[in-house]
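Dear colleague,

Please find below the structure that I am handing over to you. My notes on what was found in it follow directly after.

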Amino acid sequence: MSFLKESVDDVRQVARGWRWGRRAQVPKSAEPWVLPSRSTVFRTEWSRRKPAMAAREVAQKAGLEPLFRSQVRTRVEGLDVLARIDGPVIFVANHASHLDTPLILLSLPDEWRRRTAVAAAADYFFDTWWRAVGSSLLFNTFPIDRRGGTMAATPGEVLADGWSLVIYPEGTRSTDGWMGKFRMGAAYLAKEYGVPVVPVAHRGTFAAMPRGQGWPSPGRRQLTIRFGEPLVAGPEESVRDFAPRIKSAVAALLDEDRSTWWEARRRVAAGSTPDPTGPEVAPWRRVWEQSESPVADAPARKLLAWRRSAS
Amino acid sequence: MSRPGFVLEVDDRTPPLVVHEGLGFRLEDGFPLGTRVVYPPESIPAVPDVDEAIREALLHPHDMDPLPELLFSGMKLTIAFDDLSLPLPTMKAPDIRGRIIEHVLTMAAEAGVDDVKLIAANALHRRMTAAELRHIVGERVFRSFYPQGDLYNFDAEDRDDLTHLGTTDKGEDIEISKRAAESDLLVYVNVNLVAMDGGHKSVGIGLASYKSLRHHHNAKTMVHSRSFMDHKHSAMHHSAWRMGRIIKDSVKVFQIETTLNNDVFPKPFDFLQKREWEWSVRDQATMLGVRRGLAVAPQKMRHKMFHDMRSVYGLTGVNAGEVEAVHERTLQKVHQQHLVEVQGQSDVLVMGVPYLGPYNVNSSMNPILATCMGLGYYFNSYRGQPVVRKGGAVILYHPLNEGFNQLHHPSYVDFYEEVLAESTDPAVVGEKYEQQFATDPWYIHLYRTSHAYHGVHPFYMWYWAAHAMDHVDSVIWVGADRRAAARLGFRAATTLADALEIASDTLGTSPSITYLHNPPHLLADVR
């Protein structure tokens with residue numbers, strides 16, 4: 001009996017010590033000695049073939065979507081732009097939460113969603129085989145090296161195959177909900193492959209599920225997402241010029257989502273679009289502001305009679 | 001690529017750490033935050049072609065003529081080699097000493113040398129069995145020399161085979177194997193596992209008798225060897241060096257020294273030499289399996305499991321030639337593999353005593369040997385100053401319950417029962433009892449004809465720990481048999497927390513703590 005108990009204790013100690021089910025951690029003082037991660041490239045072509053697409057369709061429609069809708073409310077605007085263009089395109093969005101990807105994918109019309117792949121950090125989503133398989137099966141992710149390494153060829157191949165891409169040029173989730181610095185990757189790809197960029201702005205995902213949280217906060221938080229006019233790099237326009245234009249488009253969309261299309265347009269014209277990187281105030285105030293869910297003028301709830309609230 | 005050693009600071013992200021304790025290991029999660037843990041460097045790369053490296057060393061020795069030029073027909077050639085106390089654990093066959101001896105013998109055969117003797121330089125260690133000798137020299141050498149009696153253990157009590165080469169300026173006798181001393185060439189093949197090995201210690205100690213050894217193997221010398229892992233600051237080595245320089249005048253010694261990397265744990269135990277937070281799921285599963293297996297296995301089976309382990313060391317260097325020139329190069333390699341920089345001393349030093357030390361290969365780790373391992377070898381694994389401050393505490397992990405091997409360690413039993421019962425002070429026991437044990441005819445008889453360590457050997461173990469006993473105030477054994485610990489003059493605790501509680505009497509409730517995470521071997525360079 002004591003052997004059994006000791007065995008259970010041992011397993012418990014290891015499960016706790018090595019954080020089973022969570023990401024492993026390295027002691028702070030050992031960080032300088034961590035070996036550079038293995039450059040194992042997990043192949044993901046399989047996840048863009050028919051059987052995987054069929055499996056994904058089932059997983060997204062029967063699993064992900066009902067679950068997602070049960071946890072958050074969404075308001076989608078600007079999808080009409082997609083009616084005017086043909087794919088592939090590059091969706092460029094701000095990045096604040098793990099909810100961003102399901103939000104974008106599930107907001108897209110089905111025919112677009114089925115042909116959209118998501119660029120995901122190789123060192124985060126592709127560090128173990130099961131994480132790689134899971135994320136590419138469910139979200140159609142493929143690995144990119146966010147340190148600007150060697151895998152740059154892959155997104156090009158995916159684009160060339162006719163898939164639209166979702167790219168977060170910030171390269172990582174925001175720590176305070178505000179937008180960070182945009183990298184050049186998306187602009188480069190758009191220019192190189194001659195595909196339009198569709199700016200996407202969303203709000204509320206940070207409030208619903210910030211970094212470090214594994215599940216959306218209770219209470220069906222509101223998320224909003226807005227697709228903007230496609231941008232095409234001009235023949236003379238360099239990547240260096242195009243990238244800020246994308247960022248401004250996302251910023252304007254965020255502004256539009258917060259106010260109205262007309263006001264946002266006027267501010268763009270006046271060059272007074274609010275800075276998407278947020279005000280320079282104490283960190284807590286930045287987080288405080290972002291931790292409030294956006295208010296959507298959604299139609300009033302139906303079935304008022306069923307509500308339990310006394311009000 | 002191999003990473004250097006480093007000092008970890010325990011924080012809330014640190015998983016439980018492995019601490020060896022005899023025939024097993026513990027997953028210690030009780031280290032207080034901020035505890036420093038010294039990790040040895042990872043294995044440095046091995047030489048790509050061992051035979052080529054050996055040939056190169058023999059043909060281009062340091063400060064000496066190439067070996068083939070030293071060999072001639074009609075000469076007396078003696079090849080001495082380190083005994084089974086090196087390396088630890090035993091090397092997977094073929095042993096590097098055997099491979100080198102084969103090369104030397106091939107050259108000797110080409111030169112037409114007939115008179116060749118191979119002597120295991122075991123000094124006062126036990127005689128090795130035929131199988132143990134065969135493992136070291138290899139089957140080919142064994143078959144050619146053992147049946148004729150030309151491959152044998154050195155007998156430090158054979159008056160007919162000892163010769164007195166004189167005394168040093170400090171009056172130290174030099175008495176070594178007559179055969180070795182009278183040879184035209186003495187080739188010594190060593191395994192320089194740690195920094196204390198090799199140099200003039202090889203011939204001057206390995207082939208010496210009690211009359212010679214007593215000058216440096218005593219409490220006074222050992223207290224002034226700081227540490228005995230640093231030959232430049234070790235009184236024991238100074239004595240051996242004085243002797244070696246006199247031996248050099250009358251004996252031509254061709255020293256061959258080898259260095260090994262830190263690959264001590266073979267699969268599936270290789271998780272023991274990885275850093276814990278880098279354990280894969282497979283490592284964790286293996287560890288759990290091994291731990292549970294050890295928990296149900298009877299002592300005998302656990303003993304077998306550990307002692308059957310054979311290490312897959314990589315050879316990192318082989319140097320040949322004049323003793324001091326060779327040893328300098330050897331130490332560079334050893335330091336490259338073992339040295340870790342540690343900033344400053346701490347109040348408490350924690351060490352896990354593993355299942356194996358130099359004197360219990362294929363035998364049992366009795367309480368005296370465990371003390372020697374912890375307070376001797378591990379405590380002295382420093383350069384500069386001890387890892388623990390003067391007046392600090394040492395916490396050791398070992399159950400101290402393996403008992404005594406009557407075949408190998410008969411005099412240890414009497415030392416434990418009679419000598420330690422009276423005093424545990426190394427200087428006192430040495431003064432009062434050493435002579436008696438060293439000259440006891442029964443122990444000498446067992447040493448010469450059976451497989452027993454010499455009667456005086458347990459005293460040496462106690463002297464080995466003398467510097468530590470002199471330096472620290474308290475020694476606490478975690479998980480140890482209380483009676484055994486008390487007999488040794490130490491205290492026992494069930495857990496690390498209890499041990500720290502005991503130490504808090506003198507060190508307060510938040511002492512600075514350093515844990516030496518060996519094996520694999522490390523040498524703390526304390527600044």
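In this predicted model, the centres of domain 1 of chain B and domain 2 of chain B, taken over C-alpha atoms, are separated by 28 Å. Domain 1 consists of residues 6-42 together with 338-526, while domain 2 covers residues 50-260. Where the two meet, 31 residues of domain 1 of chain B are in contact with 27 residues of domain 2 of chain B.

Which elements of chain B each supply at least two residues of the side of domain 1 that touches domain 2? They are strand 15 (382-383), helix 16 (426-439), helix 17 (441-449), helix 18 (457-464) and helix 19 (466-471) of chain B. Sorted by class, that side of domain 1 of chain B has 18 nonpolar, 10 polar and three charged residues.

Turning to the chain as a whole, chain B contains 21 helices and 20 strands. Its radius of gyration is 22 Å, close to the 24 Å that the globule rule gives for 527 residues, and chain B is therefore as compact as a globular protein of that length. The C-alpha trace of chain B spans about 70 × 55 × 45 Å along its principal axes. Of the 527 residues of chain B, 56% count as buried. Among contacts in chain B between residues at least 6 apart in sequence, 80% join residues at least 24 apart.

Finally, an unreviewed UniProt entry lists residues 38-229 of chain B as "domain: LarA-like N-terminal". Over residues 38-229 of chain B, the chain is 33% helix and 19% strand, and the end C-alpha atoms are 17 Å apart.

With kind regards

Terms used. Residues numbered from 1 in each chain as written. Chains lettered and ligands numbered in written order. Predicted model: local features only at pLDDT ≥ 70, side-chain atom pairs only at ≥ 80, totals over all residues. Helix = DSSP H or I, 4+ residues; strand = E, 2+ residues; numbered from the N terminus. Rg over C-alpha atoms; globule rule 2.2 N^0.38 Å. Buried ≥ 20, exposed ≤ 12 C-beta atoms within 10 Å, placed from the backbone. Contact = placed C-beta atoms within 7 Å. UniProt positions renumbered as here; feature names shortened; annotations may be inferred. Domains from an automatic or database assignment. Nonpolar A, V, L, I, M, F, W, Y, C, P; charged D, E, K, R; others polar.
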